[in-house]
Amino acid sequence: MPTHVPVFIATTLLLAMLPGASQALMIRQVLEGGQRTVRGTLAGNATGFLLWSTAAAAGLSAVLLASPTAYAVLRIAGGIVLMILGVNTLRTTLTTVSTRPPREGGQRTGFAGGYVTGLITNLGNPKAGVFAVSVLPQFVTAEGPVFLSTVALGALWALVSASWYTLLTWAVSRGRALVSKPTVLRGLSVTTGVVLLGLGAAVVAGV
């Protein structure tokens with residue numbers, strides 16, 4: 001059974017709070033999409049954590065780490081996805097934010113669109129796989145059902161991350177009156193786009 005659960009919760013919470021691709025994506029979705037899009041992104045991101053932890057439990061992540069070619073392909077694909085999201089964010093800033101104030105709710109892609117985006121962003125980050133295969137086993141004992149224990153920790157990982165991102169998106173949404181100002185929104189969108197581009201480039205380069 002899983003051990004040191006409080007420490008695991010604290011670890012995953014700190015990781016979720018660190019600036020990164022998922023956090024930048026959540027802010028982007030709040031600014032450009034409706035609440036259904038945000039909820040879909042949260043669900044997709046959480047599903048990604050579950051899939052990574054299940055794969056780690058089954059040994060898939062270890063196989064990827066043992067195969068430089070497979071790891072490189074996954075890493076480059078994930079980086080490209082992040083860079084595309086960054087380009088789309090910057091393009092939206094130039095074509096929409098600079099010409100007119102954003103409408104309430106922004107561009108609504110719906111729950112399904114948000115879910116796919118959140119899932120792809122999560123699965124496109126091989127560092128999540130590295131975390132799953134290197135950190136999760138430290139919180140699982142050799143006694144009992146190791147596979148189920150690892151999956152359970154993955155579910156907890158997804159829950160903690162989803163809770164933090166829910167709080168984050170709520171805070172950004174509550175401050176929408178401020179961030180909806182064209183100059184502020186432009187700055188946030190440009191920053192988000194640049195962060196996504198930078199993270200994508202770093203992932204492709206293997207940094």
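**Close-up views of a predicted all-residue chain model**

**View 1. Gly-79 in helix α5.** Gly-79 is found in helix α5, which runs over residues 68-97. The model is predicted. Gly-79 has a relative accessible area of 0% and is therefore buried. Its C-alpha atom lies 8.5 Å from that of Ala-205, although 126 residues separate Gly-79 and Ala-205 in sequence.

**View 2. The whole chain, for orientation.** Ten helices and zero strands make up the secondary structure of the chain. Along the sequence the pattern reads α-α-α-α-α-α-α-α-α-α. Of the 207 residues in the chain, 40% are buried. Among the contacts with a separation of 6 or more, 87% join residues 24 or more positions apart. The accessible surface amounts to about 10200 Å², and carbon and sulfur atoms account for 72% of that area.

View 3. Leu-196 belongs to helix α10, residues 182-205. With a relative accessible area of 0%, Leu-196 counts as buried. The C-alpha atoms of Leu-196 and Ala-21 are 6.0 Å apart, against a sequence separation of 175 residues. Ala-21 is one of the buried residues of α2.

**View 4. Helix α2 and its cover.** Helix α2 consists of twelve residues, 21-32. From first to last C-alpha it reaches 16 Å, close to the 16 Å expected at 1.5 Å a residue. How many of the twelve residues of α2 are buried? Eleven are, so the helix is mostly covered. The buried set includes Arg-28 and Glu-32, as well as Gln-23 and Gln-29. Also in this set are Ala-24, Leu-25, Met-26, Val-30 and Leu-31.

**View 5. Helix α6 and its buried side.** Helix α6 covers residues 110-123 and has 14 residues. At 1.5 Å a residue these should span 20 Å, and the end C-alpha atoms are 20 Å apart, so the two values agree. The buried residues of α6 are Gly-114, Gly-118, Leu-119, Thr-121 and Asn-122. They cover an arc of only 165° around the axis, which means that they lie on the same side of α6. An α-helix has 3.6 residues a turn, so residues three or four places apart point the same way.

**View 6. Ser-53 in helix α3.** Ser-53 lies in helix α3. The relative accessible area of Ser-53 is 0%, so this residue is buried. Which residues does Ser-53 contact, leaving aside its neighbours within four places in sequence? They are Leu-136, Thr-150, Val-151 and Gly-154. Ala-158 is 105 residues from Ser-53 in sequence, with 9.5 Å between the two C-alpha atoms.

**View 7. Ala-46, also in helix α3.** Helix α3 spans residues 35-58 and contains Ala-46. Is Ala-46 buried or exposed? Ala-46 counts as buried because its relative accessibility is 16%, and the cut-off for buried is under 20%. Ser-163 is 117 residues away along the chain, and the C-alpha atoms of Ala-46 and Ser-163 are separated by 10.0 Å.

View 8. Leu-13, Leu-14 and Met-17 make a nonpolar surface patch of about 260 Å². Leu-14 is found in helix α1, residues 5-17. Leu-14 counts as exposed because its relative accessibility is 55%, and exposed means over 50%.

Definitions and conventions:
Residues are numbered from 1 along each chain as its sequence is written. This is a predicted model: local features need pLDDT of at least 70, side-chain atom pairs count only at pLDDT 80 or more; totals for chains, interfaces and linings use all residues. Side-chain values use heavy atoms; hydrogens and water are left out. Patches are made of residues with over 30% relative accessible area and no salt bridge: like charges are joined within 9 Å, nonpolar side chains (Val, Leu, Ile, Met, Phe, Trp, Tyr) within 5 Å. Accessible areas come from the Shrake-Rupley method with a 1.4 Å probe; for residues, only the protein chains shown count as cover. A salt bridge is a side-chain nitrogen of Lys or Arg within 4 Å of a carboxyl oxygen of Asp or Glu. Helices (H or I, at least four residues) and strands (E, at least two) are DSSP runs, numbered from the N terminus. Buried means under 20% relative accessible area, exposed over 50%, partly exposed in between (1.4 Å probe, protein chains only). Contact means heavy atoms within 4.5 Å. The expected span of a helix is 1.5 Å times one less than its number of residues. The arc is that of the directions from the helix axis to the C-beta atoms.
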